[in-house]
Each structure stands twice: as C-alpha cells, then as structure tokens.
Amino acid sequence: MPKALIIDDSSTVRSIISKMLTSWGIASIQACNGQEALQKLSTECDIQLALVDWNMPIMNGLEFVKQVRQESSFKEMRIIMVTTETEMHQVVSALEAGVDEYIMKPFTEEIFKEKLNMVGVIG
Amino acid sequence: MSELDETIKEFLVESLENLEQLDRELLALESDPTKIETINTIFRIVHTVKGTCGFFDFRKLEKVSHVGENLLDSLRSQKIAVTEVIITTLLRLSDTLRELLANIEESGCEGDGDYSELVGLLTSLNEQKITLTSEAISINSKSEGSVDESSVVLLKTQVSEEGQDDELQRMFYAAQSEWQNASSLEAPGAAAVPESSQIGAAENQAPSTVADGSESPKVSESKKSELSESSLRVDVNLLDKLMNLVGELVLARNQILQFTKSQNDGEFASTSQRLNLITSELQEGVMRTRMQPISTVWNKLPRIVRDIAHSCGKKVVLEMQGKETELDKTIIEAIKDPLTHVIRNSVDHGIESPEKRLAAGKGAEGVLVMRAFHEGGQVVIEISDDGAGLNTERIRAKALEKGLITSDKAASMGEAEVNRLIFLPGFSTAEQITNISGRGVGMDVVRSNIERIGGAVDVASNPGKGAKFTIKIPLTLAIIPALIVTTNNNRYAIPQVNLLELVRIEGAQLKQSIERIQGSDFYRLRGKILPLVYLDEQLGLSAANSTKSGGGILNLVVVRADNHQFGLVVDAIHDTEEIVVKPLGRLLKGISAFAGATIMGDGQVALILDIVGMARKAQIAKKEAAAKHEESRSNDEGKTSERKKMFVFELGTNKRAAVPLDQVYRLEEFPVQALESAGDHIVVQYRDGILPLVDLRGIYGEPPEISEGSLRAFVHLSGDRFVGFVVERILDIVEQCVNVERPYPKQGLVGSAVIQDKVTDLLDLSAILQLAELSPKHSFDAREAR
Ligand SMILES: [Mg+2]
C-alpha cells in the first residue's frame, strides 16, 4: 500500500487530504512544516509521495523541496506542491526545485485523483 | 455529509485559534510596523483561512479573506507601508472573520451580513501603492519639473518637525495628489515617468527580495508544535462530568470515613484510609485538568485596551505579569466581564490624555499593568494604572448627592473608605457612563459578579499617580469551605467567604441588645447597628415578624454581602467543612436564597445559602439606612454617639475657644512677678524646670500687656515637654458631640463648633506651637520637671 506525507500548517487541510487519500487506499502521516517533515522522512523509510503546502512557518514548502531533493535517498519520492493562487506566479521556482506536479487549493477529489495519476502514485 | 461536518468543525476550531493570534500579531505590528516576521505571520493566518475556506462553500469568508490577503501581500512585499488606518482595518477584518465563523458555528451558514464596505476599504488601501520610504520622497522632490516647489518644502519641514508616521503619511498623500493634479495639468508626460518607475521597481524587486524563503524560524511556534505532541484536546463536557463524578466520590468517601469511625475493624480502617488518600489525589488531579492559564482571558485585553485608547485619544501600554497563573475554567469564564470592565474603566477614567500627562510631567503613554499571582489559596489579580487616581472629593460629593451616605458619614469617612463608594449600587450614573465604560454597567456590577464567585474587589488610589484595583478570587468553585448551621431541623451551608463572626446572645443581654426600629430587629454589635435576618422567616418556614426572643438564646452568624453586614439568626451553629458544590435542581434554581446544594457526610442534602441574594431579598440596605437615619436623629437630640470632653475658655471678649480635655495636663495660675524672659519667649519656673508660655490671646491679634495680677494658663504636654498656654478666663469642661465646621481658614484653628449653644473656636495646639517656634525641640524636657 502506498504511503504519503502530508505537509501543511493547517490541520483542516491535512485532514481533508488525509481523508481523500484514505478513501483511495493510501495511508498517510502528517507534518505541520518543512522542518518537521524532514524529521519524519528521516525516520520513516517508505514514503512514496509528499504533498507540500507552500506557506508554512519555520520552514516553507519551497525550502523543504530544495533540501529533500539534495538527498539522493528521496530521489524516487513524488512531490506535489499544494499552492494557492497567491503562489501561482512562483510555481516555476517550485518546478525548478524538483517538484513533480502542483495542485491549487481548493481542489476537488477528481482533480486530486488526476494529479496522483499524473505522478504515477495511483493508476 | 457528516464527515464534512467534522472537517468544518475542525476548520472552525483552527481558524478561531488563529484569529486570536491574529489580533495579538496586529497589535505587535502596530508597535513595530517594520517587523517583517510579524507581517509574514499575519499574512499566513489570513492566507490559511482563505486557502482552507475554499474547500467549503463559504463565499463571504473567501471574499473578505481574499482582499485581506492581497493587502497583506502588498505589505509583505513592502509595496505599501503599515499605517494606523491599515492596522485598524485589519483588526476589523479579524472581527469580521470571527463573526462569519461564529455564524457558521451557530447555523452552518455565513448569515446575510453585508461586508462590501470592508472589502472596498481593504481593496482601496491596497491600491494606494505608495512606498513611504525616504527614497520615494526624494524621487518626488527631485522631479522638479512636475512638483510644485512650495509643497515639497512644506512636506520636508513637516516631516522634520512632526516626525510621526501618521502626519507624515497624511502630508505625503496631500503632496502626492497635489503633485498628480499639477502634473496632469502642466506636464503629464514628465509626471508619469517617476511614478511608474517607482512602482515598477517595487514590483520587480518584490519577488526576489521578499519571497517566501525569507521567513525565519520563530521560537513561539516551534514551542507550540512541541506542545502539540504531549497534549490533546478534551471535550469540556467530559471534564465537567469527571468533576461531578469526583464530587460524588468525595461525598461517598466522606460517608465511608464516617462509617469507619463506628467500626472496630483495623483492616477496614486502613483500606478506607487508603481510599481517602487516593480520592484526594484524584480530586486534585481532575481539578487541575480544569485549570486554565489566566492568559486565556487576558489575551483579548490588548485589543480592547487599544480600541478604547484609540476612541478616546489616549496612548496606553498594557503590561502583563503572571500570564501563566492558573484558574478553574468556570472562574475564568466568570471573571471575563468584570475584568474587561475594570480595564475599560482604567483606560477611560484613570489614564489621562497625552496632553494632560505631559503637563503633569508624565510620559505621553499611560501604563496599565495587570498582575496575577497565587496567594494563600486564592488568585490575586491587580490592575494598576499610572493615571490621575480617583477624585476622592468628587466621589464623596456624588455619593452624598445621590443619598448613598449621610453628610455626617461623609465627613467622617477616610479617603480609602470614600474611594470604595464607587462599588455601591447606584453610584455610576448615566451621565458618567460614557459609551466606553458604560454599556449600562457600573463598578457595582463588577463587585457583585466577583462576590458571586466568592471573590472580593478593592481599590487603592494615589492622587496624581494612579489607581490600583485588586481582585481576589478562589482557585475553584467546585469545593469550598462552609459553615454548617441548622434551622427548623434542616441543615444549611454558609460559604466561608461570607462569614465575619459568630455571636451568641443569652438571657438578659438578649432583651437589652435587640432594638426594634421601623418594624425590623437590630442588634448593636460593639456600638454598630446590625440588621437581623431570621433564616426560618426568609425561607418561609415560619411567619414573619413573630417575636423570637422567647427561647432565651440567639445564635447569630454575622455575614457580609455587597457592602453590608447583617446578622443571620439560626437555631444552631455547627462545624466548618469542605463541601462539594452541586448545582441546584430546576425547581430550586429560581430561589434567590440558595446558591447550590451539597451532600453531607451522612448522605443528607444541605442547601448552600446565597448570602448576597438573601441580603437583596431582605432589603438589608434599606433597613440599614432606616436604622442609621433613626440613629442620627437621636444623635441630634444628644442621646448617644461619640461624645467628647472639651476644655472651654475665653481668649478675650466674646472669644470662646476650646481644646479636647485630654490635651490639657494641668491648670495653673502664675503671678506676673514670676515671669521671666528667655530669648524670644516668656518663661516661668515650674516644678524645678523652665516652662515656656504661649499667650493664646495672640491668635486674634496682639496679646494684652501683662502688668499685674496673675496669668491663667493650662499646661500641655507636647512630645515629652511641657508648654503653658495663657488664656483670659477658664470657662468650663463640657461633654458633648462636636461637629467641626470650617467657616474660614485660620492658622492655629482646627475649625469651630457649637459648644453650649455658642460658637467656639477649636484650637490646633501643635500648629500654634509651630507658629511660636515652640515645637518639641524648643520647650524644656518634661522629665526634668517631674
Ligand atoms: Mg499554509
């Protein structure tokens, strides 16, 4: 069963995403900022997918992506950036940093499923 | 659908929590408008609300948070500077978001409020894309071709003189629009260049300099996430239920302990002892789960202080000490309103306007300090300001005018006592209640709210320096110490906080000490008149006004409620016990005599008396006033009251004067021949020493020449030295009530009074000695004379 890491400072968004994932048979763990996410990754070994919010305290999503992509052990991990329209003009920098796909809040189950499809997590 | 409901609930809880932080951060931003971390945090909070509410169909929430986010984005990228107007509008945004969330919480939808004005305001603030940096000013002032020279000069001088952001901004807007008007008329092309390049530059720079990556870690937030690991949310209802169960357990434990006493089983005794210990520990533990830091209430205060200060043109800094002090949840709820009211009062009435403060030599900013700490099983909250203090004389006059005190009382009351009159019902008036402190609430409501939870409130004032309100409240309401009494074979509990003393009156004493005034009974306790309330009568257990002195013994519980004391007459008085307070059943709830119920060790229910409610019901205040009126009438007739012995003498034709007799050591007569002069003073040999003489007749002009005969004088002990006061004639020693009046100020006089139906001046001997330079150091040692 695939396993995902949800990184968002909003607990509401985390549980919305987590519920959708569960309904498709994807287990998930959560982190509320980039730093916590890096810690989680260092102890959990089989994460295939990270859903990263952009704006978070302590360490934001972009910084997280940059750091995680520097480590070869997470090369295979798919990363979807969860943005809002405020960050849309910066999406290029996220893609440059190594993001596989991005999705804009708010999103529907269909769009989310499609994005997961595109990164090859569910088929 | 129910799953979505769960998510909405989570959204509400999260957002409301964030909004509380939003208010704090906005105030922090106001005090330091350049701090980019604060702006980032504020942005993130609004951004999160906006980003999340899109998942639900909350259009209004999305709209307002969206325009708010846009404005904050401009602040974040320094396209526009933080101003007071912006802060105020963002606070309004915070209020609006809260309102919408509350609507959703209540009804599931956003309600039909119209927020287009706020949306418009946020939008237009965002569109003023003006940088208030020195750079911008220099760009404008350099473009000489388009700018009117004089307005630039004006702008510059204003800037250097005022130096204040607001003023600067206003001037800048004025200059800017003038400049735009001028340029559109004279040289439209030239004007457009600097403006667009300025904005363009800001926009181009923004993404690279203030991208999201610039956020630095914040200590408080990392702390918070650590905390979330070791704590969890618990439903308050569950805690309440646990508390109730522990209460039951405590009662069952008490019953078992009582039962144990009658048993001779050692094993059973030790088991029940163990049960006792565990129950106590459990009780303490559960009580601790209900504790919350006082900051839960305090966090809302900075915003309130700011709003009031703004609306009355004052500057106030709020300092808080002891935020972590813990209190039971119910008490936190109960002190919210009183605390807010005291704060409002301090800002509105205590702290002066910046001009007044500067004139009084204080800083323009008033300081309001809130302090909370534990003391002797209670929580003490102090609210002190460095304002003008209370106007004691005005309070005195007003209380008199409103008939809250008699004129006799007014004259005899000390300052502290007068200041406390602000807590009397009816003291605050509509005219005095401004729209700020007002809302129809006076300090009397603060006091009754605090007293209702077994607390007390007091005020201390230092004229010109400030005032301090002290609120003392119990840690918990769940378990309280109480005195158990019986009447008509029923047990009642009187909360310890209301208790003053216990009095037992027997036999002959009974008849003498109970007075009946205007149909009510009073007991004279150490000279003070105390209204009596018969508990059985109050509870409707026996007919009113039946004469009670038949039994020969009267058990009085002297209690305090509001500002009054009264004696509660009961059949018997028992022990003081810790009781578990249980709310009343629906049937008894409407009865003002009871505050709750408890279960005693033997399993029987005892009702807890609501002393405050009882005092109101028995109209104690009215009775007390009637008795005092009666008393003052009889005083005028000279029957009772504090009489004073006065020594009366004459200082010349129709010049009557007096001093209290206890200031007179001896009466003497000295032959003129015995007088000698020493330095500036006339002295006489007296008991192996030298006695300086002061001729009191000199108070009213030159004393008569002393040539022959003898001088009449009284000897006074000043410090430990003797002084002789020469008078014309000694008249009398009288004992009567002395009402001092001050018709005119004169050195050496306390005032005057009518003594034996004649106006008599009352002398201030120590002042006279000072005038004559005969304060203790000048006169001779009395010890030598003895
Ligand atoms: Mg976020």
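Across the interface of chain A and chain B, 7 residue pairs are in polar contact, both residues at pLDDT 80 or more. A polar contact is a pair of N or O atoms within 3.5 Å; within protein, one must be able to donate a hydrogen and the other to accept it, and residues adjacent in sequence count only if both atoms are side-chain atoms. The count of salt bridges between chain A and chain B is 0. A salt bridge is a side-chain nitrogen of Lys or Arg within 4 Å of a carboxyl oxygen of Asp or Glu.

This is a predicted model: local features need pLDDT of at least 70, side-chain atom pairs count only at pLDDT 80 or more, and totals for chains, interfaces and linings use all residues. Residues are numbered from 1 along each chain as its sequence is written, chains are lettered from A and ligands numbered from 1 in the order in which they are written, and side-chain values use heavy atoms, with hydrogens and water left out.

**The interface.** In chain A, 24 residues are in contact (heavy atoms within 4.5 Å) with 28 residues of chain B. The two chains bury about 2,200 Å² between them, 54% of it on carbon and sulfur atoms. Buried area is the accessible area (1.4 Å probe) that two parts lose on being put together, summed over both. A:Thr12, A:Asn55 and A:Ile58 supply 26% of the area that chain A buries against chain B, more than any other three residues.

**The sheets.** Helices (H or I, at least four residues) and strands (E, at least two) are DSSP runs, numbered from the N terminus. Two strands pair if DSSP finds at least two bridges between them. Each chain below has an open sheet of 5 strands.

| Sheet | Strand order | Pairing |
|---|---|---|
| Chain A | β2-β1-β3-β4-β5 | parallel |
| Chain B | β27-β19-β20-β29-β28 | mixed |

In chain A, the edge strands are β2 (27–31) and β5 (101–104). Strand β4 (residues 78–83) of chain A pairs with β5(A) in the parallel sense over 4 bridges. There, A:Thr83 stands opposite A:Met104. Helix α5 (residues 109–118) of chain A packs on this sheet, touching β3 (49–53), β4 and β5 of chain A. Its direction makes about 175° with that of β5(A). Axes are lines fitted to C-alpha atoms, for helices over the stretch in contact, and angles run from 0 to 180 degrees between N-to-C directions.

In chain B, strands β20 (residues 656–660) and β29 (residues 758–763) pair in the parallel sense over 2 bridges. B:Ala657 stands opposite B:Asp761 in β29(B).
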